[in-house]
Each structure stands twice: as structure tokens, then as C-alpha cells.
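Hello,

Here is the structure I promised to pass on to you. Have a look at it first, and then read on for what turned up.

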Amino acid sequence: MDPTTDNAGYAGDAGDARTSLEALRAEIAKAVVGQDPAVTGLVVALLCRGHVLLEGVPGVAKTLLVRALASALELDTKRIQFTPDLMPSDVTGSLVYDARTAEFSFQPGPVFTNLLLADEINRTPPKTQSSLLEAMEERQVTVDGTPRPLPDPFLVAATQNPVEYEGTYPLPEAQLDRFLLKLTIPLPSRQDEIDVLTRHAAGFNPRDLRAAGVRPVANAADLEAARAAVAKTTVSPEIAGYVVDICRATRESPSLTLGVSPRGATALLATSRAWAWLTGRDYVIPDDVKALALPTLRHRVQLRPEAEMEGVTADSVINAILTHVPVPR
């Protein structure tokens, strides 16, 4: 995924918003080396009002990436370190008794922010994981029967380690389905890793993004203008049929026990529209669908155990489906 700077078809606020969002990549690159696809995925999620699951081994700058994005977008951000003893109220907030007024008052939890970093989300039990479900789906938190709306924009960026399973609680399918995208954060290339070490040798401090030169280049108003433009991006009946055919093919794959649901199909359509707009078009083409198919669908399918033992992956199944499903002309 690599947005271009062609603004054909848009002018005014929408064009300015695209320019601002494209500038995010350069700004975040001041702190994070070589993660352009992940940055683009996070921007797509913000445009679609979705959430992101970041998967990668420790030390590949997942946390730094989210913090840099929040700084470059001028958004409020909070971090929760998920642990086995974390309680739901530690996420959502709780009622606290005030002895002076003899009344209970609500103390908001860290979920009341624009960009919530849920670090190692699979290290906490399902009860606490589920405390995020209402926030992610309904954009509100209900405590003592009173719904409390969350700020807009609101995005959950959750991280998990793909290789460490001791002391973890796999995310249930219902919660995985609430994530718009699953982005894999790879180990850096040799040159990128050399660049990282060179920056640290020159005094780079990942805890001080302002000293690294990261400045706000976009804000909530830019996001709102961009979302309005994405909503006007045209989807032809042929493209809608193409999205449906891809998702239906996952349900018929012999390698999968669980295929993509209709919610997954609507997610793929939404991310394809956002990607089309970011690349400078006001209509969706098949390449947009192909570009977003893996991050949008890989966490919505479930492999058969025998296929997994043979080395089949969700990505390889989806890639095979993209090869065989007829592309509209």
C-alpha cells in the first residue's frame, strides 16, 4: 500500500485533507523507520472509523508507531498495558464515592481518548477483553446503566505477540471481527535496522517525539473532511460483486473452517473506498480491493488444523482466492 499524491477529482477541503494525511508518512518516519504500510493501514482505519490489530514480535516499534501517529495527528492518546490481573473497570472507568458530596461520581478510564493503545491485548482474560467490545462497536461505555459517549475520532490500536503463547488468552472470533484491519509489523530490513541504530547513536530518544521533530500535520477537522470525501467515492455494481465473490470463496475454501462474514465484506468495501480516495480517485477499481484484501480479511478466517499442519496460512489462502476469482473489467 503506497498512496500517491494525485488529487484528481477533488478540490478544496478534501484535497487539503488528503495532502495533510499524506504528510503523516513523512512525519512519522522521523520516529519510525520503514513501516509505511502500517502507517497507511492506520490512516485507512481512521478514515473508516475502524480499529487495528498490530501483530509483531517485541521490539519492532509497534508502540512507538501509535504514539508517533497520535503526535502527528494532534490527537489525544492513552496506553493500557494489558495484564492477567487487569479489571474491566481499569479500562472503562468506574463510579467513585465522594465523601464531600455523599454521591458517586464517574471517573473515566483510559478508553476515553482519541487513540487508545491496547498493549498486548491477548495477555488479559476474556472478561477484560470484552470490556472493549462496546467501546469498539458502539463508541460508548455503559457504567451503572448509563451510556457515556466516547470522543470522536476514536481508534483502538491493539498489539499482540505472534510467537509467545504462554500466559495469553487468544482473542475470540467475535472480538477479532471488531477489528477492521490486522496489520503485521515485520522485522526491519538490514538497511532500515542500520538507520535505527544510527539514529539512536545520534541521540534519538523514542520517549521524546517532540525532540525527534515530530509535529502535528493534520487534525480532527482534516479527518472529518476526508471521511466526507471517502463517503462520496463511487462503487460500481461490478466492484460490489467482486468483493462478495472474494468473501464467498473463503466460505467454500477446503482449507478453512470459517470464512468471511457479511460484516467482513462490508469492511473490505469500506477499506477499498478509503484506499481509492487516498490514491487520488473518486471511484474504486479491482486493484483497490486486492490491495486491502489481506489486512482486512486475514483475521476473519479460520484455518483447518490439517491445513495449518501443512504450512498453509490465512494469507496464502486469500492470495490463492484473489488469483482465481474473476476480476471485473
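Predicted model: local features only at pLDDT ≥ 70, side-chain atom pairs only at ≥ 80, totals over all residues.

One of the pairings joins aspartate 98 to glutamate 103, its bridge partner in strand 4.

Next, another alanine. Alanine 17 belongs to helix 1, which covers residues 13-28. Is alanine 17 buried or exposed? Its relative accessibility is 0%, and because buried means under 20%, alanine 17 counts as buried. Beyond its neighbours within four places in sequence, alanine 17 is in contact with Asp222, Ala225, Ala226 and Trp277. As for glutamine 302, that residue is 285 residues from alanine 17 in sequence, and the C-alpha to C-alpha separation in space is 37 Å.

Finally, the nonpolar cores. The largest one has 73 residues, and the members that touch the most others are Leu21, Leu47 and Trp277. Setting aside residues up to four places away in sequence, leucine 21 touches Val43, Leu47, Leu73, Ala218, Leu223, Ala226 and Trp277. Another core, of 23 residues, lies apart from the largest one, and its members include Ile80, Ile121, Val156 and Leu171.

Enjoy exploring!

Best wishes

How values were computed. Residues numbered from 1 in each chain as written. Heavy atoms only, no water. Pairing = 2+ DSSP bridges. Helix = DSSP H or I, 4+ residues; strand = E, 2+ residues; numbered from the N terminus. Buried < 20%, exposed > 50% of the residue type's maximum accessible area, 1.4 Å probe, protein only. Contact = heavy atoms within 4.5 Å. Core = buried A, V, L, I, M, F, W, Y, C linked by side-chain atoms within 4.5 Å.
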